[in-house]
Amino acid sequence: MKLLITGGAGFIGSHFVRYILKEYPTYHVVNVDALTYAGNLANLNSVADSDRYTFVHADICDRTKLDQVLFETGVDAVVHFAAESHVDRSIASPGKFVETNVLGTQNLLESARLHGVGTFIHISTDEVYGSLGATGYFTEDTPLAPNSPYAASKASSDLFVRSYFETYGMDTRITRCSNNYGPNQYPEKLIPLSIERALRGLPVPLYGDGQNVRDWLHVYDHCTAIDAVLHHAKPGSVYNIGANNEWNNEDLLKKIFTILDMPTSQIVPVRDRLGHDRRYAIDATSIKKNLGWSPTYSFEDGLKETIDWFANQIQNQPLGR
Ligand code: NAD
Ligand code: TDX
């Protein structure tokens, strides 16, 4: 099988590129990435020389280039990670999120359709469902109610993906995952940002009252879930992915500081994020029951491994590239 992976130089995409090349020794991967601030080819050093891996430096908004790549490579499936992915950046500057996440996705769908690509997997997020109160879970039937410009752009792209299934009968599949953590994440999201700042002796910002809740999943477990969707899901399907691992931000930061054996006085409450979603929690029953997937990482081990990875990076080179 030959896969076109977009955003393969980013956090989750780079784990998935390496995962596929390792788990499927006959598969080929073509990685299309624009190398924005979040893309880092060093994430792919271990596979860069593989004759089963090709990197194409391209923007998913560039239709001519996409058509050329799809024509030349004749891929069987697209796994679409490329996106602007950070909520705070979407609040400061929403336009880019519409360009990449909405227009870029539609561009890619159209190119894939015209080149007869078999399967199109769209990597989405639980944020498209909006915010939960203290109880309840997002299921695949929860209505879309995105709150941030990032979430709105992802929900819009989900709807375009759905329309390509309904209108053209294209084999599209959507995954909606909870918050990922693990090595190689750009240090702007809560976990990598806190580890980096703690290790550098800088204040670690905690938004608002610190009681917002997220459901954390190790990036490796996200990769195995996408693998299951790629090989076993039906056209038009939607799968939620999560680990039943809810933490409020204050407790999570305290846990990180405990593992680091550092004083929590470095955690500093700051002004809340605008429109800050209170709680995300995923009901992953469907992917467990229908595709036999389940997460494998313990949060304790995954967090320690992630902290070690960042500590090692900081020792060897300055971050904030
Ligand atoms: P990331 O920001 O680490 O990486 C995004 C990648 O996409 C980068 O390599 C970047 O260079 C590339 N890219 C951005 N714009 C592009 C464009 N116009 N053309 C081509 N490439 C472009 O993101 P991530 O955290 O790895 O997230 C990957 C996907 O998973 C996104 O679609 C995101 O919405 C989704 N997701 C992320 C999380 C999470 O917790 N990080 C959770 C659920 C879903
Ligand atoms: O410095 C911080 N302090 C803080 O308290 C940052 C960066 C975040 N936070 C809070 C905001 C959220 O409640 O931590 C929580 C997690 O924030 P982010 O890491 O920015 O993630 P979130 O907004 O939950 O979105 C993430 O999960 C879903 C990813 O960024 C998205 O790409 C994904 O779709």
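Four elements, helix H1 (11-23), helix H4 (95-114), strand E5 (119-125) and strand E7 (179-181), each supply at least two residues of the shell around ligand 1. Here helices (H or I, at least four residues) and strands (E, at least two) are DSSP runs, numbered from the N terminus. This is a predicted model, in which local features need pLDDT of at least 70 and side-chain atom pairs count only at pLDDT 80 or more, while totals for chains, interfaces and linings use all residues. Residues are numbered from 1 along each chain as its sequence is written, and chains are lettered from A and ligands numbered from 1 in the order in which they are written.

**Around ligand 1**
- H1 gives the most to this shell, with three residues.
- Of the 30 residues around ligand 1, Gly7, Gly10, Ala38, Gly39 and Ala83 come nearest; a residue is near a molecule if its C-beta atom, placed from the backbone, lies within 6 Å of it.
- The shell around ligand 1 has 14 nonpolar, twelve polar and four charged residues. Ala, Val, Leu, Ile, Met, Phe, Trp, Tyr, Cys and Pro count as nonpolar, Asp, Glu, Lys and Arg as charged, and the others, Gly among them, as polar.

**Around ligand 2**
- Thr125, Lys189, Leu190, Tyr207 and Asn212 come nearest of the 16 residues around ligand 2.
- Helix H6 (190-199) and strand E8 (204-207) each supply at least two residues of this shell, and the largest share, three residues, comes from E8.
- Six nonpolar, six polar and four charged residues make up the shell around ligand 2.

**Inside the protein**
- Buried residues make up 44% of the 321 residues; buried means that 20 or more other C-beta atoms lie within 10 Å of a residue's own, exposed means 12 or fewer, and partly exposed is in between, with C-beta atoms placed from the backbone.
- The largest nonpolar core has 80 residues, and Val78 and Phe120 are among those with the most contacts inside it. Such a core is a set of buried Ala, Val, Leu, Ile, Met, Phe, Trp, Tyr and Cys residues joined through C-beta atoms within 7 Å.
- Beyond its neighbours within four places in sequence, Val78 is in contact (C-beta atoms, placed from the backbone, within 7 Å) with residues including Leu4, Leu108 and Phe120.

**A look at Ala42**
- Ala42 is found in the loop between strand E2 (28-33) and strand E3 (53-57).
- Ala42 counts as partly exposed because it has 13 C-beta neighbours inside 10 Å.

**The whole protein**
- The protein has ten helices and twelve strands.
- Along its principal axes, the C-alpha trace spans about 55 × 45 × 40 Å.

Conventions: Contact = placed C-beta atoms within 7 Å.
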